[in-house]
Amino acid sequence: DYYAVKGGKLVHVMFDAATIAAWPKPAAGGAPAAGYAEIYSFGSVAKDGSKPAVLAAAPDGTLFGATSAGGQFRYGVIFKVQPDGTGYTILHQILGPQNDGSYPSTMLVGRDGALYGTYTVASANGAVFRCSADGSDYRFLRAASGDTDVGEPKLLGMDADGNFIGVSGATTTTRLFRLSPNGEFTKLHQAPSSTYNNNYEGIGP
């Protein structure tokens, strides 16, 4: 399943069993499904990442992603690569929860061409980060202050003005929020965590 903005509203989309069953299957003998091609194998360069966790595409096709392990400090890396596997570049060596973050959970490319993403853990409660497409100007847009703020945030998409829409909260409540590219945070909706998967269709951004 995934979230999308449709008609000015955030919609929770789920694939039904028939759709999933129609997806291409690996060929007999373990061969890849038609159209599948490996473009990069982690471990190919020094201090590379492992356990790729998130991936996003820029309008020009450049792929940006992050791993949850490997790298210089063993907390993963933020990287970019071209769709054909060329130009693989490490943009940031993730330092770990005490000095940076860990366990990247989502990633999007903003209208300004910069990379925006989230960590499940940063100090204790997660964070939203930003860096330029070349890896420079890496910084936190918002470090979570706990479950009352953006604990364990996830970015789901962008609204018509280029602001990010996300959800947060992993214990007693979940929240729908808006975050501007400069870090301005607005809580849009709050609901008990048990209703997380059902109650966001039709909420305007």
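Reader: How many bridges join strand 8 to strand 9, and do they run parallel or antiparallel?

Author: In this predicted model, strand 8 and strand 9 run antiparallel and are joined by five bridges. Within that pairing, Leu-115 stands opposite Cys-131 of strand 9, and Tyr-116 has Arg-130 as its bridge partner in strand 9.

Reader: And what about strand 7, how is that one joined to strand 8?

Author: Strand 7 also runs antiparallel to strand 8, and six bridges join the two. One of the facing pairs there is Pro-104, which stands opposite Tyr-119 in strand 8. Strand 7 and strand 8 form a hairpin with five residues between the strands, and in this hairpin Gly-113 takes a positive phi near 85 degrees.

Reader: OK, so which sheet do these strands belong to, and in what order?

Author: They belong to an open sheet of four strands in the order 7-8-9-10, with antiparallel pairing. Strand 7 and strand 10, the latter covering residues 139-143, stand at the edges, and because each has a single partner strand, one side of each is left without a neighbour in the sheet. On average, neighbouring strands of this sheet are turned by 25 degrees against each other, with direction ignored.

Reader: Why would you call strand 8 largely enclosed?

Author: Strand 8 has seven residues and five of them are buried, so the rest of the structure largely encloses this strand.

Reader: Back to Arg-130 for a second, which side chain does it meet in a salt bridge at 3.4 Å?

Author: That is Asp-112, whose side chain meets the side chain of Arg-130 at 3.4 Å, N to O. The two residues come from distant parts of the chain, 18 residues apart, with Arg-130 in strand 9 (residues 127-131) and Asp-112 in the loop between strand 7 (102-109) and strand 8 (115-121).

Reader: Is Arg-130 buried or exposed?

Author: Arg-130 is buried, as its relative accessible area is 11%, and the cut-off for buried is under 20%. Asp-112, in contrast, counts as partly exposed, with a relative accessibility of 47%.

Reader: What other salt bridge does Arg-130 make?

Author: The side chain of Arg-130 also meets that of Asp-137 in a salt bridge, at 3.2 Å from N to O. Asp-137 counts as partly exposed, at 43% relative accessibility.

Reader: Changing topic, where does His-92 lie, and what does its side chain make a polar contact with?

Author: His-92 lies in strand 6, which covers residues 89-93, and its side chain makes a polar contact with the side chain of Asp-100 at 2.6 Å. His-92 counts as buried, with a relative accessibility of 14%. Leaving aside residues up to four places away in sequence, His-92 touches Val-77, Ile-78, Asp-100, Tyr-119 and Tyr-138.

Reader: Last one, zooming out: how many helices and strands does the protein have, and how much of it counts as buried?

Author: The protein has one helix and 14 strands, and 42% of its 205 residues count as buried. Its accessible surface comes to about 10500 Å², and carbon and sulfur atoms account for 52% of that. Among contacts between residues at least 6 apart in sequence, 36% join residues that are at least 24 apart.

Methods: Residues are numbered from 1 along each chain as its sequence is written. This is a predicted model: local features need pLDDT of at least 70, side-chain atom pairs count only at pLDDT 80 or more; totals for chains, interfaces and linings use all residues. Side-chain values use heavy atoms; hydrogens and water are left out. A salt bridge is a side-chain nitrogen of Lys or Arg within 4 Å of a carboxyl oxygen of Asp or Glu. Buried means under 20% relative accessible area, exposed over 50%, partly exposed in between (1.4 Å probe, protein chains only). Two strands pair if DSSP finds at least two bridges between them. Axes are lines fitted to C-alpha atoms, for helices over the stretch in contact, and angles run from 0 to 180 degrees between N-to-C directions. Contact means heavy atoms within 4.5 Å. Accessible areas come from the Shrake-Rupley method with a 1.4 Å probe; for residues, only the protein chains shown count as cover. A polar contact is a pair of N or O atoms within 3.5 Å; within protein, one must be able to donate a hydrogen and the other to accept it, and residues adjacent in sequence count only if both atoms are side-chain atoms.
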